Amino acid sequence: MYSRPMVPNNFSMPQTLETNEFVLRPLAVDNLIKDYDAVMSSVEHLQGLMGSDDGWPLGLTIEENLIDLGWHQREFTLRHSFAYSVMSLDDQLCLGCCYIYPSMKPEYQAQAFYWIRQEHLVNGLEARLGSKFKHWLETDWPFSRIEFPNRD
């Protein structure tokens, strides 16, 4: 079992990661429509990517997505887990998401997931996101051991 919160009380969670291709910012309910569009445009890519065998996001409704976003937003404020929207530079399109969860494996402090819209897989954006996300976790977060399920 893991302890909560994931980070010390004196740690200031990064609010953004800006690159020349995208911006990460905390996932929130005010991003519902853009997030839902990204998820539903990438159903085939997302199935099983998060380590789940429940078929998510197949059949996901916008109401269920709102609940998910609210949960992620609250978890962030409680410092229990951290979810980020990957947004286009003009903030018009949700390109994907990044998640930081406690690890259930004692040899790791955190587990991290990331994904990009299915239509952007061909141009390598997901690999570039993964590289930037991993570096950010190593340099700006207090974790020394991070697992990347389905990626390592």
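Arg 25 stands opposite Ser 85 in strand E3. Four antiparallel bridges join strand E2 (residues 23-26) to E3. The model is predicted: local features need pLDDT of at least 70, side-chain atom pairs count only at pLDDT 80 or more, and totals for chains, interfaces and linings use all residues. Residues are numbered from 1 along each chain as its sequence is written, and side-chain values use heavy atoms, with hydrogens and water left out.

**Sheet layout**

- Six strands form an open sheet in the order E1-E2-E3-E4-E5-E6, with mixed pairing. Strands are DSSP runs of E with at least two residues, helices are runs of H or I with at least four, and both are numbered from the N terminus. Two strands pair if DSSP finds at least two bridges between them.
- Strand E1 (17-18) and strand E6 (146-147) are the edge strands, and each pairs on one side only.
- E1 and E2 run antiparallel and are joined by two bridges. Leu 17 stands opposite Leu 24 in E2.
- E3 and E4 are antiparallel, with six bridges between them. Ala 83 has Tyr 99 of E4 as its bridge partner. Met 87 has Cys 94 of E4 as its bridge partner.
- E3 and E4 form a hairpin, with six residues between the strands. In the turn, Asp 91 has a positive phi of about 65°.
- E4 and E5 also run antiparallel, joined by seven bridges. The bridge partner of Tyr 101 is Gln 111 in E5.

**Burial of the strands**

- Six of the six residues of E3 are buried, so the strand is mostly covered. Buried means under 20% relative accessible area, exposed means over 50%, and partly exposed lies in between (1.4 Å probe, protein chains only).
- Both faces of E3 are covered. Phe 82, Tyr 84 and Val 86 are buried on one side, and Ala 83, Ser 85 and Met 87 on the other.
- E4 is largely enclosed by the rest of the structure, because nine of its nine residues are buried.

**Nonpolar cores**

- The largest nonpolar core has 27 residues. Leu 24, Phe 82, Tyr 84, Ile 100, Phe 133 and Trp 141 touch the most other members. A nonpolar core is a set of buried Ala, Val, Leu, Ile, Met, Phe, Trp, Tyr and Cys residues joined through side-chain atoms within 4.5 Å.
- Strand E3 (82-87), strand E4 (94-102), strand E5 (110-116) and helix H4 (125-140) each supply at least two residues of this core. H4 gives the most, with five residues.
- A second, separate core has 17 residues, including Leu 32, Leu 60, Ala 83 and Trp 115.

**Helix H4**

- H4 has 16 residues and reaches 22 Å from its first C-alpha to its last. That is close to the 22 Å expected at 1.5 Å a residue. The expected span is 1.5 Å times one less than the number of residues.
- The buried residues of H4 are Leu 125, Glu 126, Leu 129, Gly 130, Phe 133, Trp 136 and Leu 137. Seen down the helix axis, they fall within an arc of 135°, so they line one face of H4. The arc is taken from the directions from the helix axis to the C-beta atoms.
- Ala 127 and Glu 138 are exposed on the other side of H4.

**Aromatic rings**

- The structure holds 13 aromatic pairs. Rings of Phe, Tyr and Trp (its six-membered ring) pair if their centres lie within 6.5 Å; planes under 30 degrees apart count as stacked, over 60 as edge-to-face and the rest as tilted.
- Trp 136 and Trp 141 pair edge-to-face, at 5.7 Å centre to centre and 85° between the planes. Trp 136 is buried at 2% relative accessibility, and Trp 141 is buried at 5%.
- Trp 141 and Phe 143 form a stacked pair, at 5.9 Å centre to centre and 10° between the planes. Phe 143 is buried, with a relative accessible area of 7%.
- Ring pairs link Phe 11, Phe 76, Phe 82, Tyr 84, Tyr 114, Phe 133, Trp 136, Trp 141, Phe 143 and Phe 148 into a cluster.

**Charges over rings**

- Lys 134 lies over the face of Phe 148, at 4.9 Å from the ring centre. A charge sits over a ring if NZ of Lys or CZ of Arg is within 6 Å of the ring centre and within 35 degrees of the ring normal.
- The charged end of Arg 151 sits over the ring of Tyr 114, 4.0 Å from its centre.
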